[in-house]
Number of protein chains: 4
Amino acid sequence: MSREMNEGARVWLVPDGFIPEESSGSQESHEAVCVLNTSGEEARLRISVYFEDREPVKDIGVVVPPERTRHIRTDQLGRAEIPRGVPYAIRVESSIPVVIQCSRMDTTQAALSLMTTIAHPVRP
Amino acid sequence: MSREMNEGARVWLVPDGFIPEESSGSQESHEAVCVLNTSGEEARLRISVYFEDREPVKDIGVVVPPERTRHIRTDQLGRAEIPRGVPYAIRVESSIPVVIQCSRMDTTQAALSLMTTIAHPVRP
Amino acid sequence: MSREMNEGARVWLVPDGFIPEESSGSQESHEAVCVLNTSGEEARLRISVYFEDREPVKDIGVVVPPERTRHIRTDQLGRAEIPRGVPYAIRVESSIPVVIQCSRMDTTQAALSLMTTIAHPVRP
Amino acid sequence: MSREMNEGARVWLVPDGFIPEESSGSQESHEAVCVLNTSGEEARLRISVYFEDREPVKDIGVVVPPERTRHIRTDQLGRAEIPRGVPYAIRVESSIPVVIQCSRMDTTQAALSLMTTIAHPVRP
């Protein structure tokens, strides 16, 4: 067991998801779920996407290798098929503790803008 | 009872509220209180708005259905009638645990800017 | 005792303070320490400012009335006299629990940018 | 022992690191790991950098003097040699409790953008 085996939490929530419809310049508007797995084990994630007016899409599988980060674009989340311009939210459950941070790049208007936050951890 | 029944907290605080007076381009300056309810029950919220120089407006009711997110614009918070260009703060109390994130879009100057943070949880 | 008597924490830290040297357009580059006091009592704050290469300026007094927010600009923090263009950090200690969020507006280049985060609470 | 001896945590994680490839105007795109040490003792940090597809670079040493802040640019992290345009993540371990906040300035397009978050604390 390495020293970092239990760093983070196993369940994380992010209420403010939104992929802007428009982009300008060289950068596409997008969001990313960024994961850090400092342990010596593979983290098996199940990502669920919640909406305002329809059923959630649950348990999309993603793997983060030991001692690696992964920055997962939400517009490439397989069967989630999150539409642009629609409010959504994300829940990540991991087989082992990890840390999650979510960021948005918005290039709707003639320059880009960023926002980020560490997600809210709910289960050790 | 589903696995996610107690995810989050019942009381959340956000000190930095401010709806910019000006907008430019296609996007209006605004703020949103984003809620995620991963439980199988309806969350009944009571939102209170605090100011620098007058009494708070308390207990505006909002409902978030089971397994849904809602992104609530603060300029559409009914009787709160938050003026633009004035510092305010928000307290959200929920009947069941939820997670709250607050974001601002500012288009005062010729491009947009975003900021966001998970709110501060105070009561499990 | 009102229901909200102990919401937040009494000590908060913010490592990334920086007041940009330049501004453009109608908005001045600045930072704000935003406080929410949901209690029925006055909160007496003592704000300390830390630098990279000199002694901290400690215990600047600020009062936040009961059930009020205050958005305190750091360029108006009395004897702190924080220079523009210099890294600093902030510690806030309060007589009763409050919540602190810090935000920066940067208008150095031809549009504005915002960033924000809830501060890190250290003492209940 | 001063009153602030144990403020913060000894291990912090930041999943979303990314130094943009392009810059424009007077400000260079960059990221900073901002540290606040409110104690009367020197904090000896060991910073590790994680990537998506190769081994981490571990234990780069940085010192933060007593009662000081340091804003450490990640493009100046010695042997880490973080490439621009590549996702990475950061782990900071400190000899004594400190607080960590990470911020990005992105000037890829014709205005600057900022984002920030308090890092995620894992070990008291």
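Student: How many residues of chain D are in contact with chain A, and how many of chain A with chain D?

Tutor: The model is a predicted one. In it, the area buried between chain D and chain A is about 2800 Å², and carbon and sulfur atoms give 55% of that area. The contact itself involves 37 residues of chain D and 34 residues of chain A.

Student: Which residues of chain D lose the most area to chain A?

Tutor: The area buried between the two chains is about 2800 Å². On the side of chain D, three residues together account for 24% of what that side buries. They are P15(D), Q109(D) and H120(D).

Student: What rotation superposes chain D on chain A?

Tutor: The superposition has an RMSD of 0.0 Å and a shift of 0.0 Å along the axis. The relation is therefore that of a four-fold axis. The copies use different surfaces, since 19% of the contact residues of chain D recur in chain A. The rotation is 90°.

Student: How many salt bridges are found across the interface of chain D and chain A?

Tutor: One salt bridge between these chains joins E55(D) to R68(A), with the closest N and O atoms 3.0 Å apart. The interface also has 12 residue pairs in polar contact. The salt bridges across the interface number 3.

Student: Which element gives the largest share of the side of chain D that touches chain A?

Tutor: The elements giving two or more residues to that side are β1, β3, β4, β6, β7 and β8 of chain D. The largest share is 7 residues. The element that supplies this share is β6(D).

Student: Which element gives the most to the side of chain C that touches chain B?

Tutor: In this interface, 34 residues of chain C are in contact with 37 residues of chain B. The elements of chain C that give two or more residues to this side are β2, β5, β6 and β7. The largest contribution is 6 residues, and it comes from β7(C).

Student: What area do chain C and chain B bury between them?

Tutor: The side chains of R68(C) and E55(B) meet in a salt bridge at 3.0 Å, N to O, and the count of salt bridges between the two chains is 3. There are also 12 residue pairs in polar contact across this interface. Carbon and sulfur atoms carry 56% of the buried area, which is about 2800 Å².

Student: How far apart are the nearest C-alpha atoms of chain A and chain C?

Tutor: Chain A and chain C do not touch. Chain B and chain D likewise have no contact, with their closest C-alpha atoms 7 Å apart. For chain A and chain C, the distance is 7 Å.

Student: Are E7(D) and R91(C), which meet in a salt bridge, buried or exposed?

Tutor: The side chains of E7(D) and R91(C) come to 2.6 Å, N to O. This pair crosses from the segment before β1 of chain D to strand β6 of chain C. E7(D) has a relative accessibility of 3% and so counts as buried. R91(C), with a relative accessible area of 1%, is also buried.

Student: Which residues are linked with E7(A) in a network of salt bridges?

Tutor: The structure holds 48 salt bridges over all chains. Some join residues of one chain, including that of R73(A) with D75(A), at 2.8 Å. The network containing E7(A) takes in R46(D), D59(D), R91(D) and E93(D).

Note on methods. Residues are numbered from 1 along each chain as its sequence is written. Chains are lettered from A and ligands numbered from 1 in the order in which they are written. This is a predicted model: local features need pLDDT of at least 70, side-chain atom pairs count only at pLDDT 80 or more; totals for chains, interfaces and linings use all residues. Side-chain values use heavy atoms; hydrogens and water are left out. Copies are superposed by least squares on the C-alpha atoms of residues with pLDDT of at least 70 in both. Contact means heavy atoms within 4.5 Å. Buried area is the accessible area (1.4 Å probe) that two parts lose on being put together, summed over both. A salt bridge is a side-chain nitrogen of Lys or Arg within 4 Å of a carboxyl oxygen of Asp or Glu. A polar contact is a pair of N or O atoms within 3.5 Å; within protein, one must be able to donate a hydrogen and the other to accept it, and residues adjacent in sequence count only if both atoms are side-chain atoms. Helices (H or I, at least four residues) and strands (E, at least two) are DSSP runs, numbered from the N terminus. Buried means under 20% relative accessible area, exposed over 50%, partly exposed in between (1.4 Å probe, protein chains only).
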